[in-house]
Amino acid sequence: MSMKNFLLLVNMLLCVILLGACGKEEENPHIVPEWENAYKEIVRNMESYLADPYIFRQELKQINSDSCIGYIGIHDFDDDSVPELIIGDDVSLGIFTYDNGIVKKIADLYEPEDWGYINGVYYKDNTIILINSGSDGSCYVCLSYHDGEYITGIFDEYNPDMATVNEKEVTGEEFKMWFDLAELLDDSSIPRSRIKKENGIVTAFVIDVFQKEDEYILTEDLDFGAIGW
């Protein structure tokens with residue numbers, strides 16, 4: 001083979017390689033994971049998916065129907081590379097997962113008695129805790145994931161000798177084996193967000209409402225990577 005033909009062959013091979021690379025780039029644009037689109041639908045229609053055991057949300061609608069204070073985040077409790085969605089307001093939190101193309105609700109978290117609105121939400125060590133404070137004590141509602149199982153717990157400071165874990169009565173000491181509140185509540189508060197709604201549909205957020213003013217993020221532009229817990 002002459003040098004001229006050899007160089008021509010090399011150039012042809014380079015062209016084929018470059019065209020192939022360009023073709024692959026066009027065939028593989030950035031693809032939004034299916035769970036993100038599915039979770040955004042839950043977020044938009046959060047009122048339809050959240051529990052309202054004491055009809056508090058109906059009362060809130062009468063006061064101010066175009067926004068509310070709430071919480072939003074994602075966290076991979078079961079470490080399967082698809083995070084769970086945490087979404088809620090001052091009435092309740094819902095925990096959702098995405099599996100085989102379907103969003104499933106894991107749990108509704110709210111105070112077990114008609115105490116009022118949620119006063120704060122905490123996250124630490126794969127555990128969520130919501131608090132409702134009374135005049136002489138607080139009630140704590142917890143959710144965590146251990147050994148392939150979601151664990152829920154409720155502890156009421158008005159009745160510290162008894163608690164519940166997975167809806168079964170346990171002693172306060174047994175509860176602490178699963179949920180060490182003193183440790184879990186240390187420096188783990190979750191910031192509140194302002195949730196803007198139109199006709200009951202969530203359209204935008206201000207994440208960490210006490211640190212930012214009017215920096216609304218449209219629901220369709222919500223970056224889940226920025227709200228990981």
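Why does Thr219 count as buried? In this predicted model, the relative accessibility of Thr219 is 1%. Because buried means under 20% relative accessible area, Thr219 falls in that class.

## Surroundings of Thr219

Thr219 is located in the segment that follows strand E13 (217-218). Leaving aside residues up to four places away in sequence, Thr219 is in contact with Lys40, Val43 and Arg44, and also with Val202, Thr203, Ala204 and Phe205.

## The six-stranded sheet

An open sheet is built from six strands in the order E5-E6-E7-E8-E9-E10, and its pairing is antiparallel. Strand E5 (120-124) and strand E10 (168-171) form the edges, each pairing on one side only. On average, neighbouring strands of this sheet are turned by 25° against each other, direction ignored.

Strands of a sheet pair through backbone hydrogen bonds, in either a parallel or an antiparallel sense. The pairs described below, from E7 to E10, are examples of the antiparallel arrangement.

Strand E7 (residues 138-146) and strand E8 (residues 149-156) run antiparallel and are joined by eight bridges. Within this pair, Cys139 stands opposite Asp156 of E8. The hairpin of E7 and E8 has two residues between the strands, and Asp147 there takes a positive phi near 50°.

On to the next pair: E8 and E9 are antiparallel and share three bridges, with Gly153 opposite Val165 in E9. The hairpin between E8 and E9 passes through five residues. Strand E9 (residues 162-165) in turn pairs with E10 over four bridges, again in the antiparallel sense. In that pair, Thr164 has Glu169 of E10 as its bridge partner.

## The E3-E4 hairpin

Strand E3 (residues 93-99) runs antiparallel to E4, and seven bridges join the two. One of the residues involved is Thr97, whose bridge partner in E4 is Lys104. Two residues lie between the strands of this hairpin, where Asn100 takes a positive phi near 55°.

## The largest pocket

How much space lies in the largest pocket? The computed volume is about 260 Å³. Its lining consists of Asp108, Leu109, Tyr110, Pro112, Val141, Thr152, Gly153, Ile154, Thr164, Asn166 and Glu167. Strand E4 (102-109) and E8 are the elements that give two or more residues to this lining.

E8 gives the most, with three residues.

## The enclosed cavity

How many cavities of 30 Å³ or more does a search of the whole structure find? The search returns one. The largest cavity holds about 50 Å³ of space.

Residues lining the largest cavity are Pro53, Tyr54, Phe56, Asp90, Val91, Tyr110, Glu111, Gly116, Tyr117 and Ile118.

Note on methods
Residues numbered from 1 in each chain as written. Predicted model: local features only at pLDDT ≥ 70, side-chain atom pairs only at ≥ 80, totals over all residues. Heavy atoms only, no water. Buried < 20%, exposed > 50% of the residue type's maximum accessible area, 1.4 Å probe, protein only. Contact = heavy atoms within 4.5 Å. Pairing = 2+ DSSP bridges. Axes fitted to C-alpha atoms, helices over the stretch in contact; angles between N-to-C directions. 1 Å grid on protein atoms, 1.4 Å probe; cavity = no way out; pocket = protein on both sides within 12 Å on 5 of 7 lines; lining within 4 Å. Points joined across faces, edges and corners; volume = space filled by probe spheres on them.
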